[in-house]
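Subject: Structure handover

Hi there,

Here is the structure I promised to pass on.

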Amino acid sequence: MRQKFVALAETGDPAIRRELVEAHLGLAEYLARRFSHRGEPVDDLVQVSSMALLKAVDRFDPGRGVEFSTYATHTIAGELKRHFRDKGWAVRAPRRMQELYLTLGDSIGRLSQELGRSPTIAELAAETRVSEEEVLEALEAGQAYRLASLDAPAPGDDEGESLASHLGDEDPRMSAAEERATLSPLIQALPPRQQLILHLRFFEGLTQLEIAKRLGISQMHVSRLLARSLAELRTAAEQS
Amino acid sequence: MPGTDEVRLSAPATTELPRLARLTASGLACRLGFSYDEVEDLRLAIDELCFSLIGTQGRPGVVHLMFTLDDETLEVEGTLESGERGPDPVPSGLSRKILEALVDDHEVRRNGRDQLTFWMRKRRLQLAG
C-alpha cells in the first residue's frame, strides 16, 4: 500500500489515486457512521467523509513514516467535526456555544444513566465545568441546530433500521390514531416518525428521557424533534 | 410573601419574544433546581403559550411577562397589549393537550377589548437521588 502512495506521489496517476481511494472507502464510511448520532443524515456524512478521504489521499506523504489509516482518520474526523460546526447550524451560533451544546448532549446521557433521572442544570454545569447561564445559552443555541433527517437511520444503528422499528411489532401510532385525528388533522400531515415522538410525549405521557431510552437516541435529539414538530404544527395551524 | 420572588419584563410582541421568555423562564427554573427534562418541557410550553398571544409572525403591541417563583413552583403570565382587538383566544384541543403534558396548569384568556393573557404553572419534581 505504501508503495502505491509512493507511486502516486511520483506519477500523480489517476488510476492509482482511484484505487487508493476505493481501498479506504470503508474507513470513510465507518467514521461517518460514528458521527451519525449527532443528528445529520448518514448519506451527507458519508459524502463529507469521502471528500475528506480524497483530500487525505492527495496530501499523504508516505515518506513521513505515519500509516495512511492514521493520517486519514485524523483528516476525515477533522472534516466531519468542521461539517457539524459550520453546516449543522441553521442559524449561526457562536462556535463555543455549538461545541458546548454537543458536549452537553454527551453529559446529559451520561448523567441521566448515573443518576437514574434527568440531571439538573446545576449538575450539568458542574459536569461540563461552565456556568449555569452558559448551559442555558447553549441549550438555546441548540434550538438553531439543524435537525436530523427523520428518515435517517437511528443512531448507532448500522443496519439502518428506522426509529419506528425500535418499538417492535406493535404500532402505537395506530392505537391513538383516532384521538389524534380528532384533535388535529395537522398531526397526520407530519412525517410518521415525528408523529411517533409526539404520540409518545403527549398522548402516552412519556418524558423526553423515557422516549430517548425507548428509541435509542439522545435526549437532546428527542428535544429537538419535539421542538421542531411543535413549530411545524403551529405554522400549519396558522395557515389552515 | 416570604419565599416568593417576582420578575417582570416587557418586550415588543415580535418573533424575538419567545426566545426572551424561554431564556428568562429557564434561568429562573434553574434557580429552583429544575431538571433538564423539566426545563425542556418549560421551554416548549413557553413557545406554545407565546404562540397563543402573537402567532408565529408577531403582532403589533407589547407583551408584559411576569415570572413568579416560590420554593418549587414557577408561574409565568404573559399579557399582550395590542391596542387593537385581535381574534379571540381559542387554544386548539391539540394545543391544550400539549400544554397539559408540559405544565401543571395553564390558561389562555381575553382581558378586556385589546388584551390577551396566558398563564402557566410548573412545579419541580422532587429529585430521586
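Below are my notes on the contact between the chains and on a group of aromatic rings.

Please keep in mind that this is a predicted model.

**Where the two chains meet**

Let me begin with the interface. Chain B has 31 residues in contact with 32 residues of chain A. About 2900 Å² is buried between chain B and chain A, with 60% of that area on carbon and sulfur atoms. In case you want to set this beside other complexes, interface size is often quoted as the accessible area lost when the parts come together.

As for the polar side of things, 12 residue pairs are in polar contact across the interface of chain B and chain A, both residues being at pLDDT 80 or more. On chain B, the elements giving two or more residues to the side that touches chain A are helix H1 (17-31), helix H2 (36-54) and helix H3 (93-102). H2(B) gives the most, with 10 residues. By type, the residues on this side of chain B divide into 13 nonpolar, 9 polar and 9 charged.

The rule also finds 6 salt bridges across the interface of chain B and chain A. Glu48(B) forms a salt bridge with Arg234(A), where the closest N and O atoms are 2.7 Å apart.

Another residue to look at is Glu140(A), in helix H8 (residues 132-142) of chain A. Glu140(A) has a relative accessibility of 4%, so it counts as buried. Leaving out residues up to four places away in sequence, Glu140(A) touches Arg19(B), Arg22(B), Leu23(B) and Arg43(B).

**The aromatic cluster in chain A**

Over all chains, the structure holds 4 aromatic pairs. One of them is the edge-to-face pair of Phe5(A) and Phe60(A), 4.8 Å centre to centre with 70° between the planes. Phe5(A) lies in helix H1 (residues 2-11) of chain A and Phe60(A) in the loop between H4 and H5 of chain A, so this pair ties together parts 55 residues apart in sequence. Phe5(A) is buried at 2% relative accessibility, and Phe60(A) is buried at 8%. Phe60(A) also pairs with Tyr71(A): the ring centres are 5.6 Å apart and the planes stand at 45°, so the pair is tilted. Ring pairs link Phe5(A), Phe60(A), Phe68(A) and Tyr71(A) into a cluster.

Pro62(A) sits in the loop between helix H4 (42-59) and helix H5 (68-87) of chain A. Pro62(A) is buried, with 12% relative accessible area, and touches Arg2(A), Phe5(A) and Val6(A), not counting residues up to four places away in sequence.

Best wishes

Key: Residues numbered from 1 in each chain as written. Chains lettered and ligands numbered in written order. Predicted model: local features only at pLDDT ≥ 70, side-chain atom pairs only at ≥ 80, totals over all residues. Heavy atoms only, no water. Helix = DSSP H or I, 4+ residues; strand = E, 2+ residues; numbered from the N terminus. Buried < 20%, exposed > 50% of the residue type's maximum accessible area, 1.4 Å probe, protein only. Contact = heavy atoms within 4.5 Å. Buried area = accessible area lost by both parts, 1.4 Å probe. Salt bridge = Lys/Arg side-chain N within 4 Å of Asp/Glu carboxyl O. Polar contact = N/O pair within 3.5 Å; in protein donor to acceptor, adjacent residues only side chain to side chain. Nonpolar A, V, L, I, M, F, W, Y, C, P; charged D, E, K, R; others polar. Phe/Tyr/Trp six-rings, centres within 6.5 Å; stacked < 30°, edge-to-face > 60°.
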